[in-house]
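Welcome! Here is a short briefing to read alongside the picture, taking one topic at a time.

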Amino acid sequence: MTENESATWKYISRTLCKVERSGTQAIDRALGLLRVFETAESDLGITALAAASNLSLSTTHRLVKALVAAGLVAQDPETERYHLGASLVTLGRRAEARLGF
């Protein structure tokens, strides 16, 4: 392998690792936000979600908006706080049926 080819492969490898790491990190963070609701006694605002998940406000807001778009989280229009969404009920029922509960 020539020096130029080696440099090219190193660049490709670094780029792919960044993409993979970035995607995985976003998924891990979004799942972490969903897990915050497991112990929540009421709806949560962005600040509380960010604090509970150790994420910045901007990252939390971006991820919550994606979860809302997927129906996994919903926002109360009056309080602007968030709770688990209806799509999770559908997923839970399918899991329940599949697992025989």
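A residue is called buried when its relative accessible area is under 20%, exposed when it is over 50%, and partly exposed in between. Keep those words in mind as you look around this predicted model.

- Searching the whole structure turns up one salt bridge.
- Its partners are the side chains of Glu 38 and Arg 35, with 2.6 Å from N to O.
- As background, side chains of opposite charge can pair when their charged atoms come close.

**The largest nonpolar core**
- Fifteen residues make up the largest nonpolar core, and those with the most contacts inside it include Leu 33, Phe 37 and Leu 49.
- Helices α1 (3-39), α2 (46-53) and α3 each provide at least two residues of this core.
- The largest share, five residues, is supplied by α1.
- Leaving aside residues up to four places away in sequence, Phe 37 touches Leu 44, Leu 49, Val 73, Tyr 82, His 83 and Leu 84.

**A closer look at Thr 60**
- You can find Thr 60 in helix α3, which covers residues 57-69.
- Thr 60 counts as buried because its relative accessibility is 0%, and the cut-off for buried is under 20%.
- Among the residues that Thr 60 touches, not counting those up to four places away in sequence, are Leu 33, Ile 46, Leu 49 and Ala 50.

Definitions and conventions
Residues numbered from 1 in each chain as written. Predicted model: local features only at pLDDT ≥ 70, side-chain atom pairs only at ≥ 80, totals over all residues. Heavy atoms only, no water. Helix = DSSP H or I, 4+ residues; strand = E, 2+ residues; numbered from the N terminus. Buried < 20%, exposed > 50% of the residue type's maximum accessible area, 1.4 Å probe, protein only. Contact = heavy atoms within 4.5 Å. Core = buried A, V, L, I, M, F, W, Y, C linked by side-chain atoms within 4.5 Å. Salt bridge = Lys/Arg side-chain N within 4 Å of Asp/Glu carboxyl O.
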